[in-house]
Amino acid sequence: MINVTKTYLPPLEDYTKYLKMIWASNQLTNNGQLVQELESKLKEYLRVENLIYVSNGTMALQLAIKASGLTGEIITTPFSYVATTSSILWEKCTPVFVDIDESTLCIDPGLIEDAVNPRTEAILATHVYGFPCNLDAIGDIARAMGLKVIYDGSHAFGVKYLGDSIFNFGDISTLSFHATKVFHTVEGGAVVTKDKELAHRISSIRNFGHEGPEAFSEIGINAKNSEFHAAMGLCVLPGVENFIKERKKIAETYSDMLTEINIVTPTCYKEVSYNYAYYPVIFSTENALIDALKVLNENYIYPRRYFYPSLNKLPYIGSKPMPVSEDIAKRILCLPIFHDLSVTDVRLICDIIKQLYI
Ligand SMILES: *Cc1c(COP(=O)(O)O)cnc(C)c1O
């Protein structure tokens with residue numbers, strides 16, 4: 001059986017070494033030694049100034065919205081995982097969708113201005129599949145219109161734009177370290193910002209709003225993560241560079257083998273150092289996708305329809321149609337890609353897809 005992704009598990013001895021440290025300290029959570037060590041190693045690896053490790057990527061989004069003081073409309077992408085939209089609603093803000101750009105699959109900056117009104121407070125955009133949003137254009141619009149920018153960087157671990165970490169753009173970036181992501185801590189996530197005060201505020205509301213044992217600055221929540229999760233992160237992080245290299249090889253094999261048929265495969269612009277988090281392919285029609293999925297499933301291969309449906313079609317949303325996002329969502333399929341997927345398996349997957357085109 002080949003799934004769309006497979007979680008990397010470190011050698012058990014590596015994890016046990018950290019378990020021994022936890023047993024020795026008897027500190028299991030509450031900003032322990034391993035959480036602090038992971039935060040500092042992640043800051044160094046990602047080259048960011050402030051990083052707050054939290055319980056998951058959804059909580060990271062909610063903290064970003066809450067700490068930015070948002071209460072009104074947030075312009076967002078309809079093409080992402082459901083958490084990008086549901087976090088906005090969970091924080092009692094209103095998502096306003098703006099359609100995506102056909103080439104990057106990220107929010108189309110050319111359509112943002114038309115969606116802005118006096119209630120608009122921020123843009124929440126996803127670097128979908130780890131493909132960077134149009135950072136310059138979004139930055140310009142946000143400055144001109146006085147909007148905050150939050151990037152959902154859940155897919156973008158390790159991605160760089162012009163040599164700089166993708167997480168150094170916008171006011172806040174959020175990350176997910178869920179077991180299905182390029183870097184994981186089983187469950188987990190982080191908030192990144194250059195603003196020191198904002199970082200302090202996020203760190204405080206992550207921990208019930210504590211400012212010392214008996215003082216509370218504001219309403220907080222429990223978004224902490226544990227020493228056990230941090231330990232997994234410390235075991236996985238040293239391998240990440242290598243996983244990205246392995247993923248690159250797999251992506252290149254897919255691209256080589258799928259060139260002759262009528263399928264659109266991803267390309268990133270040249271300023272980007274990509275992490276190969278996903279390998280999405282766009283079929284000519286939804287029926288072609290469904291046919292391919294059926295035959296692949298018969299061969300015990302399980303790609304996933306990331307991201308379907310387009311989020312403006314969620315049952316709890318009333319939105320204008322988003323023609324590009326709805327069309328892409330129907331035709332896009334993520335093929336298996338993970339650190340130890342063999343070239344033989346990649347060839348098998350490509351052969352199965354290609355046979356449908358002969
Ligand atoms: C995975 C993901 C999230 C949610 O992260 P969790 O850690 O699972 O809560 C949010 N946004 C996007 C785009 C994601 O892919």
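**Note on the cavities and the ligand site**

1. The lining of the second largest cavity divides into four nonpolar, four polar and two charged residues. Here Asp, Glu, Lys and Arg count as charged, Ala, Val, Leu, Ile, Met, Phe, Trp, Tyr, Cys and Pro as nonpolar, and the others, Gly among them, as polar. Phe167, Gly170 and Lys194 are among the lining residues. The volume is about 30 Å³.

2. This is a predicted model: local features need pLDDT of at least 70, side-chain atom pairs count only at pLDDT 80 or more, and totals for chains, interfaces and linings use all residues. Residues are numbered from 1 along each chain as its sequence is written, and side-chain values use heavy atoms, with hydrogens and water left out.

3. The structure holds two cavities of 30 Å³ or more. A cavity is a set of points, on a 1 Å grid over the protein atoms alone, where a 1.4 Å probe fits but cannot get out; lining residues have an atom within 4 Å of a point. The largest cavity has a volume of about 90 Å³. Its lining includes Thr5, Lys181 and His339.

4. A polar side-chain atom of His155 lies 2.6 Å from a ligand oxygen atom. Asp152 places a polar side-chain atom 2.7 Å from a ligand nitrogen atom.

Note on methods
A polar contact is a pair of N or O atoms within 3.5 Å; within protein, one must be able to donate a hydrogen and the other to accept it, and residues adjacent in sequence count only if both atoms are side-chain atoms. On a 1 Å grid over the protein atoms alone, a cavity is a set of points where a 1.4 Å probe fits but cannot get out, and a pocket is an open set with protein on both sides within 12 Å along at least five of seven lines; lining residues have an atom within 4 Å of a point. Grid points are joined across faces, edges and corners, and a volume is the space filled by probe spheres set on the points.
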